[in-house]
Amino acid sequence: MDIKPLLRQFNLRPKKSLGQNFLVDEHALSNIVRAAEITPDDVVLEIGPGLGSLTLYLADAARQVIAVEIDHTLIPPLRSVLSARSNVAIVEGDILQLDPAELLAEASLRGGHRPTEQSPNQSDEIASHPSTAPQKDAAPLTPYPRSGGALGGMLAMTPNENYKVVANIPYYITSAIIRHLLEADVKPRTIVLTIQSEVAQRIIAQPDDMNLLAVSVQFYGVPRIVQRIPAEAFYPAPDVDSAVVRIDLPDQPRVRVKDVERFFKVAKAGFGQKRKQLHNSLAAGLPVKHEQIMQALSEVGIDPKRRAETLTLEEWGKLSDRLSG
Ligand code: SAM
């Protein structure tokens, strides 16, 4: 697929404001799809299909692809690129405003057939969701599990076996997208994302070097970096190096806690004040008296002078359970 003539044909230029760096390296594209281990039973959600270079690969491997693109000017070229793929549903909208459960339910109503199973015809547009202005990366953690969603409730804790997310996402909303996927009522079994290398490194960090994103991702899943992608693999080349991170979600969060919402409130408070001792950050970020925080830390055997980045997931779990009363 040649991106530049396609952009010219539709009179388009990549939009920096929407993180439009199109992946053009065939080797990188096929490696991403291989890393996702997509089977013919899988439904894949792709966030930001752009001009469809990754979507083509996904459509060949999966039962169905739901491709959510915020930029309405990319929809006509995307439709043209995917015209021979009957198993792609193009959704115009902002992924952060859409519930994956509803996308999946809507797509499953339409069925999904790989091109080999059905005569090729135009890709399917299942919905058009007016996009709002892109959100910044600082959205607060939302409670889990949330209510609502077509498949919500029943499946709240168990990732959907045949639902995967594979995407080269806009870097400016990486954390927001990851949280949106992990906190959704219906969770994917596997997430494979091309993101900024530095952020990938932060996601896989271990105690002494943890941050809120690492705690959130590792609470729900097991992340690993599967590939590095140099800037030249994109058009236009981004200013940063990229990496592909794969997150596998087991049936249950990796730490058993009494109250997931509380767990994230405590962790968020702990990381709220950079380089402060834990007892101070917790006292500043939680509606709990300092003495009670000192008491809780002592009962679960955590030195109050430690810093948030040194705690293990299990320690956050014990602390939040103790602070849950
Ligand atoms: N997947 C394509 C590729 O690999 O060449 C494009 C990747 S580009 C890094 C990110 C894409 O995400 C762009 O097409 C951009 O318009 C789209 N995008 C940005 N913000 C979005 C959002 N909130 N929801 C859905 N798509 C978004």
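Let's start with Q227, which is found in strand β8, residues 222-229. Keep in mind that this is a predicted model. From there, the tour moves on to S320 in helix α12 and then to a patch of positive charge on the surface.

- Leaving aside residues up to four places away in sequence, Q227 touches A28, N31, I32, A243 and V244.

**S320 in its helix**

- The helix that holds S320, α12, spans residues 313-323.
- Is S320 buried or exposed? With a relative accessibility of 0%, S320 is buried.
- Which residues does S320 touch, if those up to four places away in sequence are not counted? They are V257, R262, F263 and V266.
- One of these contacts, R262, is 58 residues from S320 in sequence, yet the two C-alpha atoms are 6.2 Å apart in space.

**The positive patch**

- On the surface, R202, K274, R275 and R307 gather in a patch of positive charge.
- One member of that patch, K274, sits in the loop between α9 (260-270) and α10 (278-285).
- K274 has a relative accessible area of 69% and is therefore exposed, as the cut-off for that class is over 50%.

Methods:
Residues are numbered from 1 along each chain as its sequence is written. This is a predicted model: local features need pLDDT of at least 70, side-chain atom pairs count only at pLDDT 80 or more; totals for chains, interfaces and linings use all residues. Side-chain values use heavy atoms; hydrogens and water are left out. Patches are made of residues with over 30% relative accessible area and no salt bridge: like charges are joined within 9 Å, nonpolar side chains (Val, Leu, Ile, Met, Phe, Trp, Tyr) within 5 Å. Accessible areas come from the Shrake-Rupley method with a 1.4 Å probe; for residues, only the protein chains shown count as cover. A salt bridge is a side-chain nitrogen of Lys or Arg within 4 Å of a carboxyl oxygen of Asp or Glu. Lys and Arg count as positive and Asp and Glu as negative; His and the chain ends are not counted. The place of a charge is taken as NZ of Lys, CZ of Arg, CG of Asp or CD of Glu. Helices (H or I, at least four residues) and strands (E, at least two) are DSSP runs, numbered from the N terminus. Buried means under 20% relative accessible area, exposed over 50%, partly exposed in between (1.4 Å probe, protein chains only). Contact means heavy atoms within 4.5 Å.
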